[in-house]
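Biologist: Can you put the model up? I'd like to go through the packing with you.

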Amino acid sequence: MTTTERDDRVTHEPLGALADAIVAGDLDLASRVACAGWARLLEGSARQTVALLETIPRPELRRHPLLAMVLGLAYDAVADDGVRAIELFTLAIAASRVRADATDPVERFVLTVGESAAYRLTGGYDRAGRSAERALRQFERLSPAGRDEVAPNAHHLLAQAGTSLLYAGHGDRALDALRAAFSASTRLADPRSRLRPLALIAATQALGGDMPAARVAIERLESLPAPDGWRAGRAGALYRVTRALDALERFDPDGAQAQLDMVALSTVPAEERGIVVGVRALVQLSAHRNRAGSIELRAELERPTGRRMPPSVRAWLVSLLALQLLGCARPAEAEAVLARHAEAAAPTTPHPKVPAPTILARALLALLADDGAEALRVLDTCDLADSRTRRIDVAFSLVRAAALLRLGEGRGAAAATAEAVEQMRAGGLSAGILVIPDADRAALAENAREHALEQTAGLLDSLAVHASFLPAAMAPVRLTERETTVLQQLSETGSTAEIARSLFVSPNTVKTQLRSLYRKLGAGSRHEALAAATARGLLGR
């Protein structure tokens, strides 16, 4: 076979070329095949790729990190052996660092993308984001000849980099990579290569709060031919997520649920599972199924997969659980959920950024306790927030407006309301109104009208038919003198016997008083009772 014939086979028949190289024991050639045929080996032939590469001894894979990375990604694609994939990624990362300086620019780019994917799929999301950013810079510096060499695989490689950036919390940069991936896919003859980049673009835009752009991406995707079962299968999960979010913005939770019902959660890639679960939680909130939703979401967070989610996704889910509990008028549980997550995710950096959804949930806790000043104090920390999006900013502005109006600051409330409405219109985010109680929406509309903001008031009035998932306020708690005393003792000790001795009563009497106290506070434990009492001003903050 001539060199030209071999190169042609590598480009057009990478699986066969890979088999020939492995049989011949030429793993340097096999690595070149993997570099040149990356996309075809992983997109359409993952199972056959696994069968070929798993015959290579571990020491040889250590010397050929590209092969280890492709094998790990192929394992992940067919969902056969997650543990084996993690072992291969760990091996490949270490080996690629040793080899990186000795490789040509194209192979260095491919190795860095593979490193990014390996970090992401083993839970190293921050490192994955940094590697993805480095890969983008390497791609941008490729010569025209290098761009031509990587062209058949650029859509797949850039989509991997974009996915890493997305889960590292860098949505804007993720979109840069994903748009580059889509652009690369349009240069290929097979239109199906555009499906994955478009699905990722649409989901990223929809989650970030740009529904008009997400709808354009979905329309493009739906105009393309797709493999049988793609839109209803594992690969189409993000497509369904985007369609579900679109339905929610039209206040159609049943339509959104129908989209998600077409996705078997057990088949969804582990890294995308949290997004599907989060949108399911939004459906439950929109449909006022808060109790059922909170049970389902709590169970999901306690699964092993829930504990391995990207930190930004897990923080979002925890905040959604808190909102569901607020919808059930269970503020103590909501506060406890947020506190447990903050403790479990305790950062090591001196000035950590707080997840924006966490700030929103805490501000709503204060608003529903009718503590507008505390709600504003919490919102004022949003400059330190991590992963802010237009969707979150709409909610921030609405809660700020409601808090200001409750404090009698009509002019400031009108300005915040107008800002929220402008963002809602720009992003197609009508359902954002559900984040504040109905009474606050009505009061904000009236206040806007008083400040000559007729269009703002008109939009809020038009949304009055869609009820919020939140109560107007939490019912005030009235404790007896004895319950107040027991509560104070409870803040100092969790021992029923110690409380009894201090109050000169029997332990059974204390137990009875604790049951009454917990019932009034909507709490199920000492921790939840103290959190609820603090939130309601019954204990010093």
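**Packing in the model**

Modeller: The buried residues of α29 pack against α28 (481–490) and α30 (507–521). Bear in mind that this is a predicted model.

Biologist: Which residues of α29 are buried?

Modeller: In α29, which runs over residues 496–503, the buried ones are I499, A500 and L503.

Biologist: Why are they on the same side of α29?

Modeller: They cover an arc of only 100° around the axis, so they end up on the same side of α29. In general, an α-helix has 3.6 residues a turn, so residues three or four places apart point the same way.

Biologist: What comes just after α29?

Modeller: F504, which takes a positive phi of about 60°.

Biologist: Now the cores. Which residues touch the most other members of the largest nonpolar core?

Modeller: L67, F109, L317, L364 and I433, in a core of 161 residues. A second, separate core has 19 residues, among them A332, I499, A500 and V510.

Biologist: What does L317 touch, leaving out residues up to four places away in sequence?

Modeller: G274, V277, G278, L297, L301 and M309.

Biologist: And the whole chain: how many helices and strands?

Modeller: The protein chain has 31 helices and 2 strands. Its C-alpha trace spans about 95 × 60 × 40 Å along the principal axes, and 52% of the 541 residues are buried.

Biologist: How many positive and negative side chains?

Modeller: There are 65 positive and 64 negative ones, and the centres of the two sets lie 4 Å apart.

Conventions. Residues numbered from 1 in each chain as written. Predicted model: local features only at pLDDT ≥ 70, side-chain atom pairs only at ≥ 80, totals over all residues. Heavy atoms only, no water. Core = buried A, V, L, I, M, F, W, Y, C linked by side-chain atoms within 4.5 Å. Buried < 20%, exposed > 50% of the residue type's maximum accessible area, 1.4 Å probe, protein only. Contact = heavy atoms within 4.5 Å. Helix = DSSP H or I, 4+ residues; strand = E, 2+ residues; numbered from the N terminus. Lys, Arg positive; Asp, Glu negative; His and termini not counted. Charge placed at Lys NZ, Arg CZ, Asp CG, Glu CD. Arc of directions from axis to C-beta.
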